[in-house]
Structures are given as C-alpha cells and as structure tokens.
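User: I am new to this structure and would like a friendly tour of it. Could you show it to me and then take my questions one by one?

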Amino acid sequence: MTETTGTRSVRTGTEPARRPTAPRRSGVRPAAVGLPLLGAVITVAAWWLVTSGLQLVHPVSLPPPQAVWKALVAGADVLMPALGVTTTMTVVGFLLSAVAGVLIGMALAGSRRVERMFAPLLVAVNAVPKIALGPLLVVSVGWGTKPILTMVFLLCFFPVVLSTATGLTTTPNDLAELARSLNASWWQAFRKVRLPAALPQIFVGLKVAMPLAAIGAVIGEFYSDKPGLGYQILQYNGVGDTATAWAAIVLIALMSILLYSALSLVERLALPWVRATTSAR
C-alpha cells in the first residue's frame with residue numbers, strides 16, 4: 001500500500017518490496033567456451049600420460065598426441081581435402097535422412113494401421129549391422145558417392161523417424177483441447193499445435209543422428225573410391241603410418257563436434273520458446 005504526496009510515492013510497509021528483476025544474459029558466456037576447452041585439455045593430457053608419461057600403450061597402437069600433431073601438419077595436403085569430402089558426404093546424407101525420417105515419422109504418427117504395418121520392418125532394418133552391408137552396397141549401387149550416402153541414410157533415419165513419431169503422438173492435452181475448442185481443421189491443428197509441440201522431440205532425434213552420419217560416412221568410405229578420411233585411414237593404416245591414421249580420426253571427431261554444435265545453434269534459433277518455457281540447469 002502506498003500514499004502519494006506531491007510527486008513522491010511513500011511505501012506504508014504493508015506491501016512487500018518488489019525484488020528487482022535480474023537482466024537476461026545475452027551473448028556467449030565464457031563458460032560455454034572455456035569448459036569445452038578445459039575438457040579438451042584434460043583429454044589430451046590424459047592421452048599424453050597414457051602414451052608418453054606412463055607408457056601404458058605401445059605407440060604403434062596409439063601414438064602420443066605430439067606425434068599425431070606432427071603427422072597432421074605433415075599430411076595436411078592430403079587430409080584437408082579428405083576432410084572436405086567426408087564433411088560433404090556427412091551433411092548431404094544427414095539432410096537426406098532427416099527429410100525422409102521426418103516424412104516417415106509423420107506417416108507413422110498419422111495412421112495406426114501404417115504404424116503397425118511398417119514399424120516392425122523399420123526396427124528390423126535398424127537392427128542389421130551396417131558394416132556388414134558395406135560390400136553388398138558396392139555390388140548393389142556401385143562405386144562413388146552412392147554407397148556412402150546409403151550407409152549414412154541407414155544409420156541416421158531411424159532416430160529421426162522415432163523422435164518424429166513420438167513427438168507428433170504426444171501432443172499435450174491442453175493444447176489439443178484448445179485446437180478442438182477453436183474448431184481448427186486437421187491441417188490447422190497440425191501446423192499450429194502438433195508440429196510446434198513435436199519440434200523439440202524431433203531435434204532430439206536429429207542431434208542423435210548427426211554423429212551417426214559421420215560414422216556412416218566413414219564406414220561408407222571404407223568400401224568406396226572416394227578419397228575421404230575413411231579411405232585415408234585404411235591407406236595409412238595399411239602402410240603402418242598409424243600416426244597419420246589417428247590424425248584423420250581426430251579430424252573426424254572435430255568435424256562431428258562442429259556439425260553437432262551447428263545443429264544445436266539451429267535448434268536454439270528455431271525454437272526460442274523452448275528455453276523460455278522450460279527449466280534451465
């Protein structure tokens with residue numbers, strides 16, 4: 001309760017004082033960059049300790065980080081173009097599997113009969129060990145990019161299908177009731193309610209599929225003539241140059257981290273309401 005005297009407002013003491021609202025933080029927090037760098041430093045230090053410090057692993061099996069760095073610098077003229085090839089195959093295969101996975105998930109969520117007909121088949125395809133399909137893909141689709149993209153697709157599509165179907169069939173009841181009370185058509189309810197509510201779940205499937213896309217690209221390159229990082233790993237390992245082979249593996253890991261971070265950024269920009277309506281850690 002307040003009393004106004006002239007231009008001043010005096011608080012009588014019966015009304016609790018309002019706490020000032022803390023301003024929202026914007027921009028990149030130092031911890032968002034510093035903590036991943038700290039984790040990388042700890043990982044490299046543990047790697048050096050195991051290989052060089054305590055010498056628990058023979059350097060032929062796992063070269064020390066300094067040897068891998070030297071091999072990366074020396075073989076940059078070969079590894080960097082190979083990184084471009086693998087990145088292209090990973091992104092293209094991921095996009096194909098994302099589009100197909102979302103469409104298949106929508107079909108499963110839209111019809112219980114379709115789900116009962118094809119869900120067991122999708123589970124069976126996902127359960128097949130993909131590395132065993134490598135030689136068969138070369139025979140079936142030939143050399144070049146086709147076996148790589150097929151391998152990426154086979155590894156990626158199932159998480160996207162599952163997350164899409166789950167998100168579209170678990171719309172909150174209050175939102176569904178609101179759409180019905182407004183006499184929304186099926187398409188209006190889908191576009192305004194069901195799909196936005198399912199997007200967080202869909203992005204979970206996409207983020208699970210992104211590292212799998214890198215794995216699929218590398219496995220596909222094992223059985224292809226495309227000079228990507230997977231192809232280079234086989235070549236260098238075949239001549240006993242394990243340091244350069246491990247340098248290629250490190251590049252694959254860095255590529256996966258960057259692509260996953262880019263996808264997380266897309267999710268953050270596309271779904272701004274998620275962080276505003278959910279509790280933060």
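**A nonpolar patch and its surroundings**

Analyst: A nonpolar surface patch of about 430 Å² is made by Trp48, Leu49, Leu54 and Leu56. Patches join residues with over 30% relative accessible area and no salt bridge, like charges within 9 Å and nonpolar side chains (Val, Leu, Ile, Met, Phe, Trp, Tyr) within 5 Å; accessible areas come from the Shrake-Rupley method with a 1.4 Å probe, and for residues only the protein chains shown count as cover. Please keep in mind that this is a predicted model, where local features need pLDDT of at least 70 and side-chain atom pairs count only at pLDDT 80 or more, while totals for chains, interfaces and linings use all residues. Residues are numbered from 1 along each chain as its sequence is written, and side-chain values use heavy atoms, with hydrogens and water left out.

User: Is Leu54 buried or exposed?

Analyst: Leu54 sits in the loop between helix H1 (30-53) and helix H2 (65-74). Buried means under 20% relative accessible area, exposed over 50%, and partly exposed in between (1.4 Å probe, protein chains only). Leu54 has a relative accessible area of 52%, so the word for Leu54 is exposed.

User: What pattern does the protein follow along the sequence?

Analyst: Helices (H or I, at least four residues) and strands (E, at least two) are DSSP runs, numbered from the N terminus. The protein has 11 helices and 2 strands. Read along the sequence, the pattern is β-β-α-α-α-α-α-α-α-α-α-α-α.

User: How far apart in space are Pro64 and Leu49?

Analyst: Pro64 is in the loop between H1 and H2. With a relative accessible area of 13%, Pro64 is buried. Along the sequence Pro64 and Leu49 are 15 residues apart, and from C-alpha to C-alpha the distance is 8.7 Å.

User: What separates the C-alpha atoms of Leu72 and Ala248?

Analyst: Leu72 is in helix H2, and its relative accessible area of 16% makes it buried. Leu72 and Ala248 are 176 residues apart along the chain, with their C-alpha atoms separated by 7.7 Å.

User: Which residue forms a salt bridge with Glu267?

Analyst: A salt bridge is a side-chain nitrogen of Lys or Arg within 4 Å of a carboxyl oxygen of Asp or Glu, and the structure holds 1. The pair links distant parts of the chain, 60 residues apart, from Glu267 in helix H10 (residues 242-270) to helix H8. Glu267 counts as buried because its relative accessibility is 16%. The closest N and O atoms are 2.9 Å apart, and the partner of Glu267 is Lys207.

User: Which elements give two or more residues to the lining of the second largest pocket?

Analyst: A pocket is an open set of points on a 1 Å grid over the protein atoms alone, where a 1.4 Å probe fits, with protein on both sides within 12 Å along at least five of seven lines; lining residues have an atom within 4 Å of a point. The second largest pocket is lined by 13 residues, and those nearest its centre include Thr171, Ala176 and Arg194. The elements giving two or more residues are helix H7 (173-181) and helix H8 (186-222).
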